[in-house]
Amino acid sequence: MSSRQTYDFVIAANRLPVDRHVHPDGSYEWRTAPGGLVTAMESVMRGWESGAAWVGWAGFPGEAPEPFDDGKLRLHPVPLSGKELSDYYEGFSNDTLWPLYHDVIVAPTFHRSWYTCYREINQRFADAICEVAAEGATVWVHDYQLQLVPAMVRDQRPDLRIGWFNHIPFPPVELFAQLPWRESVLRGLLGADFLGFQRPDDARNFGRACRAVLGATTKGEKVEWVGTDDGRLGAAPRTVRAAAVPISIDASGFRELADSPEVTARAAEIRASLGDPEVVLLGVDRLDYTKGIRHRLRAIGELFEDGEIAPDQVTFVQVATPSRERVEAYRTLREQIEGMVGRINGDVSHLGATAIHYLHQSYGREEMAALFRVADVMLVTPLRDGMNLVAKEYVTARHDGGGALVLSEFTGAAEEMPQAYRCNPHDIAGLKETILRAIRADPEEKERRMRSLRRRVRKHDVQSWAGDFLAGLEAAPERPSRSGAKGDS
Ligand code: ADQ
């Protein structure tokens with residue numbers, strides 16, 4: 001008999017929640033990795049007394065380290081070779097699924113060999129989950145990199161409760177139908193008991209895809225599929241529930257951080273180093289074509305050129321986190337953005353008054369919070385975004401009564417944040433008007449809007465998100481009797 005330990009709660013995500021830092025002498029340590037999902041899951045883990053396991057890639061190619069503990073959490077690394085990283089992750093996940101699921105803003109690339117690798121890696125994750133899951137355990141699978149995992153796990157372990165959450169949009173069937181492996185992906189997902197999406201429209205898009213592609217039927221949030229006898233992955237009849245469970249942030253933790261004396265002092269320092277402008281505009285995004293950075297720069301560049309705003313009064317800070325630099329579309333985007341920033345600054349800045357500060361860097365949470373505290377107007381203008389946690393972090397950090405949020409209607413966050421200054425980032429004239437409106441609105445109006453935005457995020461924080469998801473998973477395919485049954489405060 002193996003003495004291997006198993007767990008009642010298992011999370012699977014592409015990445016483990018830690019990064020390996022190697023010291024010059026060759027020794028190394030694990031540090032908690034930054035990012036939306038990690039922050040979100042941290043608070044869930046705190047509530048799982050009996051311990052839990054997290055299955056994911058450790059962040060470097062080659063052999064995986066042995067499983068190890070991080071506090072109460074068992075980390076179970078899944079190996080990926082350099083070639084697998086390039087085919088499963090950079091290829092199929094980030095160059096096929098990512099653009100397809102984000103409205104085909106750039107054209108998705110379809111390669112059969114990438115899909116074959118995606119399938120193999122999904123099987124590897126499924127095997128790892130089955131290895132660490134105790135009898136009857138709850139398994140929470142995350143995101144588009146692991147869409148085949150639910151059915152692969154169910155095939156081996158029908159005793160498990162399986163949930164899947166999609167952090168990105170689920171596309172309309174007219175776009176999803178382009179995917180040559182559309183049927184396998186849907187069958188993979190239908191292996192779950194509960195499928196969580198950011199917006200009701202994403203859940204509906206999934207239901208429509210199941211109807212159109214698999215001939216499934218839907219009744220409200222339930223998807224029923226009669227199965228097939230073809231013996232392929234996920235062929236058994238299934239009834240699952242697909243519903244919206246919008247993700248959020250650790251609002252009280254972030255507010256506390258933003259309020260700390262260190263962050264307050266740093267915010268003053270940043271403002272002074274920018275030359276104490278009257279208005280600071282801020283954008284914070286991964287450098288991704290979905291985030292609408294080019295459209296934003298176009299609008300701001302024109303506002304400077306038109307003389308509507310002047311660089312000695314208004315400055316725009318754009319933080320663009322390095323991202324997926326081995327994928328060509330991302331390299332091209334970086335060149336385009338840097339070209340635009342250079343051109344606009346060359347045309348409209350003058351000595352001592354820089355129109356745009358562009359930072360292609362990653363920062364710690366404190367620095368992010370300080371930047372939010374400095375921003376008089378936050379520009380969150382993606383062309384498509386599953387949720388966008390930056391919008392929620394910003395309103396939470398600015399509970400001093402200041403600030404204004406310009407928010408694209410194509411984000412999941414827009415659904416929950418109607419008091420933001422809403423914009424369509426494709427409409428450059430409209431975007432310019434909205435930015436000016438947010439700059440010029442009277443402080444009372446801004447304060448009113450910010451107050452209700454903040455209230456919403458405080459009420460629907462990451463703890464209540466996780467509680468809602470787990471309650472949905474427990475009750476699936478029925479609705480839970482009361483939303484937020486677990487972890488609601
Ligand atoms: P992302 O596309 O990465 O996440 P987002 O929701 O904005 O987008 O989360 C980014 C996180 O990284 C935020 O917490 C932000 O503060 C942080 N961050 C950004 N730039 C940074 C920098 N330069 N340095 C340090 N930290 C930085 C995906 C989906 C989103 C969805 C999330 C969570 O694309 O739509 O909201 O998952 O589900």
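Are Y289 and Y330 buried or exposed? Both residues are buried. The close-up views below are taken from a predicted model.

**View 1. The aromatic pair of Y289 and Y330.** The structure contains 27 aromatic pairs. In one of them, Y289 and Y330 are tilted, with ring centres 5.2 Å apart and 55 degrees between the planes. Y289 belongs to the loop between β13 (279-286) and α10 (293-306), while Y330 sits in helix α11 (residues 328-348), so the pair ties together parts that lie 41 residues apart in sequence. Y289 and Y330 are both buried.

**View 2. An aromatic cluster that includes W181.** One cluster is formed by Y88, Y89, F92, F110, Y115, Y118 and W181.

**View 3. Arginines over aromatic rings.** R20 lies over the face of F60, 3.7 Å from the ring centre. R324 is placed over the face of W98, at 4.1 Å from the ring centre.

**View 4. The salt bridge between E90 and R326.** The structure holds 42 salt bridges. In the one shown here, the side chains of E90 and R326 meet with an N to O distance of 2.8 Å. This pair links distant parts of the chain: E90 is in helix α2 (residues 82-101) and R326 is in the loop between β14 (314-321) and α11, 236 residues apart. E90 counts as buried because its relative accessibility is 16%, under the 20% cut-off. R326 counts as exposed because its relative accessibility is 56%, over the 50% cut-off.

**View 5. The salt bridge between R334 and E325.** The side chains of R334 and E325 meet at 3.2 Å, N to O. R334 is partly exposed, at 30% relative accessibility. E325 is also partly exposed, with a relative accessible area of 38%. Elsewhere, salt bridges that share partners join E183, R187, D230 and R232 into one network. Two members of that network, R187 and E183, are the subject of the next view.

**View 6. The salt bridge between R187 and E183.** The closest N and O atoms of R187 and E183 are 3.1 Å apart. Both residues are in helix α6 (residues 182-189), and because they are four residues apart there, about one helical turn separates them. R187 is buried, with a relative accessible area of 3%, whereas E183 counts as partly exposed at 30% relative accessibility.

Definitions and conventions. Residues numbered from 1 in each chain as written. Predicted model: local features only at pLDDT ≥ 70, side-chain atom pairs only at ≥ 80, totals over all residues. Heavy atoms only, no water. Phe/Tyr/Trp six-rings, centres within 6.5 Å; stacked < 30°, edge-to-face > 60°. Helix = DSSP H or I, 4+ residues; strand = E, 2+ residues; numbered from the N terminus. Buried < 20%, exposed > 50% of the residue type's maximum accessible area, 1.4 Å probe, protein only. Lys NZ or Arg CZ within 6 Å of the ring centre and 35° of its normal. Salt bridge = Lys/Arg side-chain N within 4 Å of Asp/Glu carboxyl O.
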